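Please read the following walk through the structure with the model open beside the text. The paragraphs go from strands to domains, then to the ligand, a helix and a few single residues.

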Amino acid sequence: MNFHWTKTIYRFIVDRPLPKGYLLFERYTIAEVLGMGSYGITYRAIDYMTGNHVAVKQLRRTKSWTEEGRKTFDKERQLLQQLSLPEVPAVHPQSPNEHSTFLVMDYVPGKNFEDLIFSEGKVYSEQDAMSIFYQVVKIVQKIHGKGIVHRDLRIPNIISSGSRLYIIDFGLACKLSGKVQVKPTGKHRNLMREVSVTSDFYALGHFLLFLLYSGYEPQSKKENSWEEELSLSPDVHGMLRRLLQIDECFTSAEEIISHIQSMQNCREITKTM
Ligand SMILES: Nc1ncnc2c1ncn2[C@@H]1O[C@H](COP(=O)(O)OP(=O)(O)OP(=O)(O)O)[C@@H](O)[C@H]1O
């Protein structure tokens, strides 16, 4: 057996999730595993004291042995506490006697956009997509207003719950020092991960593309660029080019909001929100 497999099996044993029914902190009963990511395992649990559902994120044991793993987890907890926004799950105070490899937060009932598009086959018109996008940008504006950049605004991290939207997973989030950060230049930039508001705008551009592609039926086997494949209104097309940094990028969420408000076919959307 090679080293890779030994390591994989070892991680599988050490990082196996808590079983259903397990009582954590003598308070939270594990109900199901919601997801197993690279550094955490997320559960839905029932809070015995309140009867409410909570989401519990556990730092993988193999990650808790590294300083980097513990620091990343602590940073996520601190940033969530600092945010304190209705559209971001609130962190629950934890038992001081327990080690801090668990993060208990509000459970958001609903579906993330990855499941909505790929499992449920939901299709969004340009108008629907813009309405959702506008709501997300307004949440992002509040997050940036608290001096934090999310850096992972992907479809699995945006949840639709009834008529409301929530942003989760602040594992890669960072504090912004100063209002608008200077962007590094050069060929090998990772536009999603820079500590700059523009990395969230870049991710939002992809989020909007996922919504707009939901109803796309390929006409040929050949893959083309989004500009060739999607038939968008000139306003939305132009905004996407700026989000994706093909044209000069927006410098703030406020600027994106005013831009949407000025768009002819978004008047109705922005009036009601
Ligand atoms: N507060 C919450 N309420 C409801 N569902 C949640 C909540 N937090 C996370 N989830 C769900 O749990 C699953 C795992 O999410 P999470 O973002 O914590 O981890 P990940 O992105 O898979 O992993 P990692 O961040 O460790 O790489 C996802 O399906 C997500 O929708």
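Strands S2 (28–36) and S3 (40–47) pair in the antiparallel sense over 7 bridges, where two strands count as paired if DSSP finds at least two bridges between them. Helices (H or I, at least four residues) and strands (E, at least two) are DSSP runs, numbered from the N terminus. The model is predicted, and local features need pLDDT of at least 70, side-chain atom pairs count only at pLDDT 80 or more, and totals for chains, interfaces and linings use all residues. Residues are numbered from 1 along each chain as its sequence is written. Within the pairing of S2 and S3, Gly35 stands opposite Thr42 in S3, and the two strands form a hairpin with 3 residues between them. On its other pairing, S2 meets strand S1 (residues 23–24) in the antiparallel sense over 2 bridges, with Thr29 in S2 as the bridge partner of Leu23. S1 and S2 also form a hairpin with 3 residues between them, and Phe25 in that turn has a positive phi of about 55°.

A further set of strands forms an open sheet of 3 strands in the order S6-S8-S9, with antiparallel pairing. Its edge strands are S6 (111–112) and S9, each of which pairs on one side only. Strand S8 (residues 158–161) is joined to strand S9 (residues 164–167) by 4 bridges; Ile159 stands opposite Tyr166 in S9, and Ser161 stands opposite Arg164 in S9. The hairpin of S8 and S9 has 2 residues between the strands, and Gly162 takes a positive phi near 60° there.

How is the protein chain divided into domains? The division is into domain 1 (12–106) and domain 2 (111–271), with bounds that come from an automatic or database domain assignment. The C-alpha centres of the two domains lie 28 Å apart, and 11 residues of domain 1 are in contact with 12 residues of domain 2, contact being defined by C-beta atoms, placed from the backbone, that lie within 7 Å. By class, the side of domain 1 that touches domain 2 has 7 nonpolar, 2 polar and 2 charged residues. In this classification Ala, Val, Leu, Ile, Met, Phe, Trp, Tyr, Cys and Pro count as nonpolar, Asp, Glu, Lys and Arg as charged, and the others, Gly among them, as polar.

Of the 20 residues around the ligand, Leu34, Gly35, Gly37, Ala55 and Asp169 come nearest, a residue being near a molecule or strand if its C-beta atom, placed from the backbone, lies within 6 Å of it. The elements that give two or more residues to this shell are S2, S3, strand S4 (53–59) and strand S5 (102–106). By class, the shell has 9 nonpolar, 8 polar and 3 charged residues.

Helix H6 (residues 197–213) has 17 residues and reaches 25 Å from its first C-alpha to its last, close to the 24 Å expected at 1.5 Å a residue; the expected span is 1.5 Å times one less than the number of residues. H6 is mostly covered, with 12 of its 17 residues buried. A residue is buried if 20 or more other C-beta atoms lie within 10 Å of its own, exposed if 12 or fewer, and partly exposed in between, with C-beta atoms placed from the backbone. Among the buried residues of H6 are Phe201, Tyr202, Leu204, Phe207 and Leu208. What covers the buried residues includes helix H5 (126–145), strand S7 (148–149), S8, helix H8 (234–243) and helix H9 (253–261).

Single residues complete the picture. Glu255 is found in helix H9 and counts as partly exposed because it has 16 C-beta neighbours inside 10 Å. Although Glu255 and Gln141 are 114 residues apart in sequence, they are 9.8 Å apart in space, C-alpha to C-alpha. In the loop between H8 and H9, Gln245 has a positive phi of about 65° although it is not a glycine, and Gln245 is partly exposed, with 17 other C-beta atoms within 10 Å. Ser84, in the loop between helix H3 (67–83) and S5, likewise has a positive phi, near 40°, and with 10 C-beta neighbours inside 10 Å Ser84 counts as exposed.

Key: Two residues are in contact if their C-beta atoms, placed from the backbone, lie within 7 Å.
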